[in-house]
Amino acid sequence: MYACLYRPPAPDQRSASLSGERGGDWDAIARDYSPRYERHGDDLVTIDVAGLDRLLGSPRAIGEELRRDAASRGMRAHVAVAATQTAARLLALARPGLTVVPRGEEAEALAPIPIGILQQYFERQTSDFKLQTSDFRLQTFTKWGLRTLGDLAALPKADLVARFGPSGCQWPKIARGEDRRPLVPALEEERFDGTLELEWPIEGLEPLSFVLTRLLEPLSTRLERRDRGAAVLHVILRLTTKEEHARRLELPTPMRDVRTLRTLALLDLEAHPPSAAVDRVAIVIDPTPGRIVQHTLFARPHPTPEQLSTLVARLGALMGQDRLGAPAVVDSYRPGAFAMTPFKTEHGSQKSEGRSQKSEDSVCPDFRLQTSNLSQALRRCRQPVPARVVVTDGRPVRVTSDRRTFAGGAVVGCAGPWRSSGSWWKSEVRSQKSEVTSQKSEVRSRETPAAQTSDFGLLTSDFRLQTSDLPWNRDEWDVSLSDGAVYRIFQDRDTDAWFIDAVVD
Amino acid sequence: MPLARAALEAALRARQLDRTLTTSLTGTGPAVDPERGLSPFSIAALDARLGGGLPRGQLSELVGPRSSGRTSLLLRLLAAATARGELVALVDALDMLDVESAAAAGVDLARLLWIRGHVVPNPGFCRDMNQRAMEQAVRACALVLQAGNFGIVAFDAAEAPAEAIRRLPFTTWLRLQRMVEGTPTTCVLVGTAPVARSAGGLTLQCGLRNADGGLRVQDRGVRFGARLFEGLAIETRVVRARAQGGDDVRVPLQTTCA
């Protein structure tokens with residue numbers, strides 16, 4: 001059962017100002033009766049009065065009570081009580097005084113109301129379902145000769161859908177007073193924050209962790225009660241120098257676990273420490289709807305987003321943020337090219353992901369079908385290792401290096417060359433590379449022949465690492481050496497220097 | 001008498017002392033916690049030899065010299081795990097993962113947490129790798145194990161020089177063993193020689209296949225075509241496992257270039 005209160009426009013200016021002053025009382029009236037109420041603009045409120053019959057009596061008694069309450073606050077209101085929100089709202093908009101409609105008689109009660117009331121109805125519609133181009137539709141209905149909601153309700157559904165599309169079937173439902181969605185109660189914006197003034201300034205992070213825990217625990221409890229999670233965590237530290245050290249942590253998933261939030265805050269402060277001692281700590285949380293997780297009994301559990309967030313933060317603090325993530329293949333012919341993407345903390349079930357992936361990506365092998373064939377893997381040297389290569393008849397016959405762990409030896413078997421080049425069209429980096437090449441030429445002229453290759457390698461590899469947009473131009477060989485290992489080596493065609501690029505493993 | 005023996009075994013198992021015995025109390029099968037299960041390679045012959053795969057909750061090893069197929073095998077293990085929907089982590093101590101190889105092996109890269117060790121500024125084939133980078137990688141591995149619920153956690157130190165491994169405190173591996181114990185995670189150490197297998201884990205030795213059936217050497221397992229390098233003919237065998245019956249069964253495998 002729903003009750004709707006509508007404040008009609010004031011007849012004169014004085015009354016209007018009076019009503020304006022007391023406009024905020026709508027919430028107060030609604031809250032007095034039920035926590036489940038929804039505002040529709042400034043002048044219309046729908047209250048869920050289910051269950052009030054045991055307290056106040058019949059629906060008419062509830063309506064009378066509401067009207068009296070509004071009058072006692074100096075407000076003139078139309079009150080309608082009906083079994084559906086839509087019927088209550090339309091009746092409150094259309095009829096002055098108190099209107100009570102018994103359950104099941106909404107359509108009859110709405111039938112004589114002029115169709116123009118729908119204009120007012122949609123002006124106050126705040127929900128997701130707002131019939132777009134409603135003005136146009138109403139004009140069309142008028143042109144069709146429809147005068148009342150009863151006329152609209154009587155239209156055949158199939159014909160309306162044929163003319164207006166799927167939304168066409170909603171119009172007769174509205175005209176009959178049927179609800180299209182449940183009531184969405186309005187809740188006050190609640191702030192989740194806490195502040196603690198310290199008697200003595202804190203300098204280290206360890207004592208600060210206790211303060212953070214003390215602040216976060218009640219906030220976490222409140223978040224849990226409201227079924228909310230933290231989307232953003234603000235840590236604001238007032239320093240003894242009267243400055244503010246504010247940190248903002250955007251959390252990958254809504255979370256409210258105290259230990260996780262505290263750890264993330266501490267790790268962030270460890271990476272960005274305050275410049276002086278702290279004498280006040282404030283925490284502000286931007287809430288977001290809580291995360292609903294449905295675990296399955298038939299799959300192994302994943303690490304929770306909280307665990308993964310903490311892990312990624314810890315690993316980032318230990319290794320560096322750029323040293324971890326999920327690898328990704330890039331659309332490039334550059335040997336060894338890859339990209340790093342942030343590791344997702346939420347992973348869906350494999351079933352749903354796998355179906356779509358399988359159809360899209362045929363590269364992923366079906367493991368049930370393969371038996372003993374493995375895909376050949378490489379181990380990349382991010383910095384190619386300078387090598388000395390003896391070439392006979394255009395083929396490498398001996399590969400050695402200064403590296404102690406790489407003995408090298410005679411070439412037992414080889415395949416190649418495979419020429420690969422790219423990014424040569426990038427003139428800027430090309431000119432930079434030519435500078436490097438000239439530097440290498442100088443080095444070559446100064447150094448002994450044995451050292452030439454190594455220095456070549458240093459320059460080239462360092463330069464290659466600094467920017468991934470450098471042009472490359474090389475001949476690759478796969479060689480099997482007498483030491484038993486198989487390598488991918490290449491010769492840079494600009495410098496004629498040889499490098500070990502990868503180990504076949 | 002049988003009752004007394006059963007009671008003794010139960011008491012030892014409750015205190016987790018059964019795994020310290022020379023022989024398994026559970027019989028001839030691999031020391032697998034039935035609740036934890038196994039991590040299969042999805043290679044029928046190898047899984048059959050291993051009794052289903054690498055045991056979870058244990059530290060196992062994939063060892064072998066350079067070009068012995070250990071990386072291909074590791075990527076296959078990761079691919080099989082991600083195909084089952086598990087999350088996997090790779091602590092790449094020397095930052096040598098080839099992402100294209102991983103993708104070609106079928107690893108779902110979105111489910112792979114890749115932790116890259118710090119590359120030594122001076123170029124070198126691990127010669128100048130400092131100890132700090134190695135210790136950092138071990139700590140990263142410990143953090144991942146502590147987080148829990150990863151299907152596979154692989155620590156790749158295959159190209160690390162033996163001195164760097166030896167310089168790590170002896171308790172390092174013991175600590176990792178303790179961390180993984182009782183969890184549903186299979187921890188895999190990739191290296192050149194066995195160093196750290198836990199009591200219930202397996203050590204798989206990889207090598208090139210020889211014509212006479214022996215492991216490794218020279219070029220016999222390396223297949224070159226007329227123009228292309230075609231792949232490696234490798235084989236693996238379990239060299240250390242408490243459940244092994246002493247048979248030296250080699251599982252032949254083949255790698256193929258994509």
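Reader: Which residue stands opposite Glu38(A) in β3(A)?

Author: Thr46(A) does. Keep in mind that this is a predicted model, where local features need pLDDT of at least 70, side-chain atom pairs count only at pLDDT 80 or more, and totals for chains, interfaces and linings use all residues. As for labels, residues are numbered from 1 along each chain as its sequence is written, while chains are lettered from A and ligands numbered from 1 in the order in which they are written.

Reader: What makes β2(A) and β3(A) a pair?

Author: Strands here are DSSP E runs of at least two residues, helices are H or I runs of at least four, and both are numbered from the N terminus. Two strands pair if DSSP finds at least two bridges between them. β2(A) and β3(A), the latter spanning residues 44-48, have 3 bridges, in the antiparallel sense, so they pass that test.

Reader: Why are β2 and β5 of chain A called edge strands?

Author: The sheet is open, with 5 strands in the order β2-β3-β1-β4-β5 (chain A) and mixed pairing. β2 (37-39) and β5 (98-100) of chain A each pair on one side only. Neighbouring strands are turned by 15° against each other on average, direction ignored. Helix α2 (residues 25-33) of chain A packs on this sheet, touching β1 (2-6), β2 and β3 of chain A.

Reader: Why is α14(A) called roughly antiparallel to α5(B)?

Author: Axes are lines fitted to C-alpha atoms, for helices over the stretch in contact, and angles run from 0 to 180 degrees between N-to-C directions. Under 35 degrees counts as roughly parallel, over 145 as roughly antiparallel, 65 to 115 as roughly perpendicular and the rest as oblique. α14(A) (residues 305-319) and α5(B) pack at about 170°, with axes 10 Å apart, so the pair is roughly antiparallel.

Reader: Which residues of these two helices meet?

Author: A contact needs C-beta atoms, placed from the backbone, within 7 Å. Among those in α14(A) are Leu311(A), Leu315(A) and Leu318(A), and in α5(B) they include Ala140(B), Leu143(B) and Val144(B). Val144(B) also touches Ala89(B), Val91(B), Phe150(B) and Val153(B). Over the two chains, 62 residues of chain A are in contact with 77 of chain B. On the chain A side, β13(A) gives the largest share, 7 residues.

Reader: What makes α10(A) "hardly covered"?

Author: Buried takes 20 or more other C-beta atoms within 10 Å of a residue's own, exposed takes 12 or fewer, and partly exposed is in between; C-beta atoms are placed from the backbone. Of the 8 residues in α10(A) (157-164), the count that are buried is 0. Gly165(A) follows that helix with a positive phi, near 90°.

Reader: Which residues touch the most other members of the largest nonpolar core?

Author: Such a core is a set of buried Ala, Val, Leu, Ile, Met, Phe, Trp, Tyr and Cys residues joined through C-beta atoms within 7 Å. Among its 132 residues, the answer is Ile489(A), Leu78(B), Val91(B) and Val144(B). Helix α5 of chain B (131-147) supplies the largest share, 10 residues.

Reader: How do you know that this core lies between two domains of chain A?

Author: Domain bounds come from an automatic or database domain assignment. Domain 2 (189-292 + 303-348) and domain 3 (378-504) of chain A both give residues to the core, so it lies between them. A second, separate core of 41 residues includes Cys4(A), Ile62(A), Val100(A) and Leu149(A).

Notes
Lists of a residue's contacts leave out its neighbours within four places in sequence.
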